[in-house]
Amino acid sequence: DLDPETAALRDDIEQLAARLGQLDHYAALGLDAGANAQAIKKAYFKAAKRYHPDSLARKGLAGLEEKAARVFGRVSEAFEILSDPDKKDA
């Protein structure tokens with residue numbers, strides 16, 4: 001059995017992986033569209049730490065690496081675009 005925090009992480013990864021195609025860049029980072037650069041950076045580092053596939057095995061979530069990798073990739077892409085003014089405007 002998983003502790004509540006780990007079970008919540010598992011559920012988060014499952015839900016995000018299922019909706020990745022529906023999330024815009026802000027939603028992928030859990031932000032509103034008006035978020036500033038500091039909020040974007042903070043949200044990215046929090047999400048990257050939470051969803052990095054390498055951290056799952058030690059939390060007892062081996063088997064979710066592929067879904068977590070997709071979520072992590074989407075979070076990274078969102079950060080890359082939102083932190084670059086030219087890409088953000090496009």
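The buried residues of helix α4 pack against α1, α2, α3 and α5 (85–89). Please keep in mind that this is a predicted model. Which residues of α4 are buried? They are Ala68, Val71, Phe72, Arg74, Val75, Ala78, Phe79, Ile81 and Leu82.

With 18 residues at 1.5 Å a residue, α4 should span 26 Å, and its end C-alpha atoms lie 25 Å apart, so the two values agree.

**The nonpolar core**

Now look inside. The largest nonpolar core holds 27 residues. Leu29, Leu31, Ile40, Tyr51, Leu56, Val71 and Val75 have the most contacts within this core. At least two core residues come from each of α1 (4–19), α2 (25–28), α3 (37–51) and α4 (65–82). Which helix gives the most to this core? That is α4, with seven residues.

Apart from neighbours within four places in sequence, Tyr51 is in contact with Leu9, Asp12, Ile13, Leu16, Ala68, Val71, Phe72 and Val75. Two of these partners, Val71 and Val75, are also listed among the core residues with the most contacts.

**Charged pairs**

Side chains of opposite charge can pair when their charged atoms come close. How many salt bridges does a search of the whole structure find? The search finds six, including those in this table.

| Salt bridge | Closest N to O distance |
|---|---|
| Arg74 and Glu77 | 3.2 Å |
| Glu80 and Lys87 | 2.7 Å |

The pair of Arg74 and Glu77 brings us back to α4. These residues are three apart in that helix, which means that about one helical turn separates them. Is Arg74 buried or exposed? Arg74 counts as buried because its relative accessibility is 15%, under the 20% limit.

Asp11 has a relative accessibility of 34%, and Arg10 has 31%. Glu80 stands at 44%, while Lys87 has a relative accessible area of 36%.

Definitions and conventions:
Residues are numbered from 1 along each chain as its sequence is written. This is a predicted model: local features need pLDDT of at least 70, side-chain atom pairs count only at pLDDT 80 or more; totals for chains, interfaces and linings use all residues. Side-chain values use heavy atoms; hydrogens and water are left out. A nonpolar core is a set of buried Ala, Val, Leu, Ile, Met, Phe, Trp, Tyr and Cys residues joined through side-chain atoms within 4.5 Å. Buried means under 20% relative accessible area, exposed over 50%, partly exposed in between (1.4 Å probe, protein chains only). Helices (H or I, at least four residues) and strands (E, at least two) are DSSP runs, numbered from the N terminus. Contact means heavy atoms within 4.5 Å. A salt bridge is a side-chain nitrogen of Lys or Arg within 4 Å of a carboxyl oxygen of Asp or Glu. The expected span of a helix is 1.5 Å times one less than its number of residues.
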